[in-house]
Amino acid sequence: MCLRNDTIKTIQDWFAHNGEALYEELKHVRNQHYAIDALLRENNPDLPYDIVAPIAQTHTILAVQNHRKKRADSRQLNLL
């Protein structure tokens, strides 16, 4: 994806003008993430610090399983 300089400048200007309002509007998401992380660590102190890796591994496993289910039966004719 190649953005032109004027497009990048427009985006930068928008964030310069609206960035603080956007931050104020969405900072609760960050706070909730920290609260959930603290709650998980409180209930399970052995929880690994990098929680993304196990979630990514789970997604990979489920994606492979779902991919197998979605394959059409080769014995059945495709009429469309």
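These are my notebook entries on a predicted model of a single chain.

**Ground rules.** I number residues from 1 along each chain as its sequence is written, and my side-chain values use heavy atoms, with hydrogens and water left out.

**Overall look.** I looked up the fold elements and found two helices and zero strands; helices (H or I, at least four residues) and strands (E, at least two) are DSSP runs, numbered from the N terminus. Next I checked burial, and buried residues make up 1% of the 80 in the chain. My terms here are buried for under 20% relative accessible area, exposed for over 50% and partly exposed in between (1.4 Å probe, protein chains only). The accessible surface comes to about 8,000 Å², with 60% of that belonging to carbon and sulfur atoms; the method is Shrake-Rupley with a 1.4 Å probe, and for residues only the protein chains shown count as cover.

**Aromatics.** How many aromatic pairs does the structure hold? I found one. The ring centres of Trp14 and Phe15 are 5.0 Å apart with planes at 90 degrees, so I call the pair edge-to-face. (Rings of Phe, Tyr and Trp, its six-membered ring, pair if their centres lie within 6.5 Å; planes under 30 degrees apart are stacked, over 60 edge-to-face, the rest tilted.)

**Patch.** Ile11, Trp14 and Phe15 make a nonpolar surface patch of about 310 Å². Patch residues have over 30% relative accessible area and no salt bridge; like charges are joined within 9 Å, nonpolar side chains (Val, Leu, Ile, Met, Phe, Trp, Tyr) within 5 Å. I placed Ile11 in helix H1 (residues 5–43), and it is partly exposed at 40%. Trp14 is partly exposed at 44%, and Phe15 is partly exposed at 45%.

**Salt bridges.** I counted three, each a side-chain nitrogen of Lys or Arg within 4 Å of a carboxyl oxygen of Asp or Glu.

- Arg4 and Asp6 meet at 2.9 Å, N to O; Arg4 is exposed at 58%, but Asp6 is partly exposed at 40%.
- Asp13 and Lys9 meet at 2.9 Å, and they sit four residues apart in helix H1, so about one helical turn separates them.
- Glu24 and Lys27 meet at 3.1 Å, three residues apart in helix H1, again about one helical turn.

**Helix H2.** I found Thr60 in helix H2 (residues 52–70), partly exposed at 47%. A polar atom of the Thr60 side chain lies 2.9 Å from the backbone oxygen of Ala56.

Note on methods. This is a predicted model: local features need pLDDT of at least 70, side-chain atom pairs count only at pLDDT 80 or more; totals for chains, interfaces and linings use all residues. A polar contact is a pair of N or O atoms within 3.5 Å; within protein, one must be able to donate a hydrogen and the other to accept it, and residues adjacent in sequence count only if both atoms are side-chain atoms.
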